[in-house]
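I opened this notebook to keep track of what I looked up in the structure. The entries follow the order in which I went through it.

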Amino acid sequence: MTRDTRNVESGTTDGRMGRLSRRSFLVGTGTGLGALGLAGCVSSDGVLRAEAAKIYGPMPEERFPIPATDISRVDPKYFRRTVPYPTQEAAGTIIVDPANYYVYRVEGDGTATRYGANVGRDGFRWSGDAYVGRKSEWATWTPPAEMIRRQPEAAKYARGMPGGLDNPLGARTLHLYQNGAYTLYTIYASSEPDTIGSGITSGCVGLLSQDMIHLYARTPVKTKVVVLPA
């Protein structure tokens, strides 16, 4: 990601676990719900959260088993769902709306799959067109030199931090390119539910792990990505 990305940022030491904190580097740096959303059938927050609990449940089959997301830490408006979304962009296009903390995957029938996101903080926001130049599962994260200058504690990962639950890039990463060059920005998997709906990264875009895996599986290399002005 960056979370200073440039591959992504995350972490200091997490006092409770004695492990790297993804958030400090961040700062430094289905369809089931969709059907409900379109039909307007959600009668209460309780019903919405019950459906979300299924979508954001544990993923024990992953190489590094992913625990359930604590959905109590996520505003329900950021749960994945299908929404009306008229656009001239082709089906499959990813549209990032940083002003509203959403990522859309255009479905081509006047709708889009919408995901809640965290985005770049003040001073690290950008906009424009890009494309997915490569994809990574449980990617190695390497802090960029400018991040190490700002956060010397990141220097121990200058040769790369292996993939895993504590890695800032998370379970899946879409690396964004322009004109054949890596922008250092990514769309990545976040395990920090309370960051969704906030601007905290160094320009990367984070989705909940379950949402990122869902988007990743439907996104081939060369997919167009449009980042709207914040």
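I am working on a predicted model, in which local features need pLDDT of at least 70 and side-chain atom pairs count only at pLDDT 80 or more, while totals for chains, interfaces and linings use all residues. Residues are numbered from 1 along each chain as its sequence is written, and side-chain values use heavy atoms, with hydrogens and water left out.

**Sheet.** I looked up strand 8 and strand 9 and found them paired in the antiparallel sense over six bridges, with Lys135 standing opposite Leu174 in strand 9. Strand 8 also runs antiparallel to strand 13, to which four bridges join it; there, Ala130 has Val225 as its bridge partner. Strand 13 pairs with strand 4 as well, in the parallel sense and over three bridges, and Val96 has its bridge partner in Val227. I then placed these strands in an open sheet of nine strands with mixed pairing, whose order is 3-6-5-4-13-8-9-10-12. Strand 3 (81-84) and strand 12 are its edge strands, each pairing on one side only.

**Core.** I next looked for a nonpolar core, that is, a set of buried Ala, Val, Leu, Ile, Met, Phe, Trp, Tyr and Cys residues joined through side-chain atoms within 4.5 Å, where buried means under 20% relative accessible area, exposed over 50% and partly exposed in between, with a 1.4 Å probe and protein chains only. The largest has 25 residues, and Ile94, Val103, Leu174 and Val225 are among those with the most contacts inside it. Elements giving two or more residues to this core include strand 4 (94-97), strand 8 (128-137), strand 9 (172-178) and strand 13 (224-227), but helix 5 gives the most, with four residues. Apart from this core lies another, of 18 residues, including Leu48, Ile55, Tyr78 and Val226.

Which residues does Leu174 touch? Taking contact as heavy atoms within 4.5 Å, and not counting residues up to four places away in sequence, I noted among them Ile94, Val132, Lys135, Ile187, Met212, Leu215 and Tyr216. Met212, Leu215 and Tyr216 are buried in helix 5, as is His214. Eight of the nine residues of helix 5 are buried, so this helix is largely enclosed by the rest of the structure.

Notes:
Two strands pair if DSSP finds at least two bridges between them.
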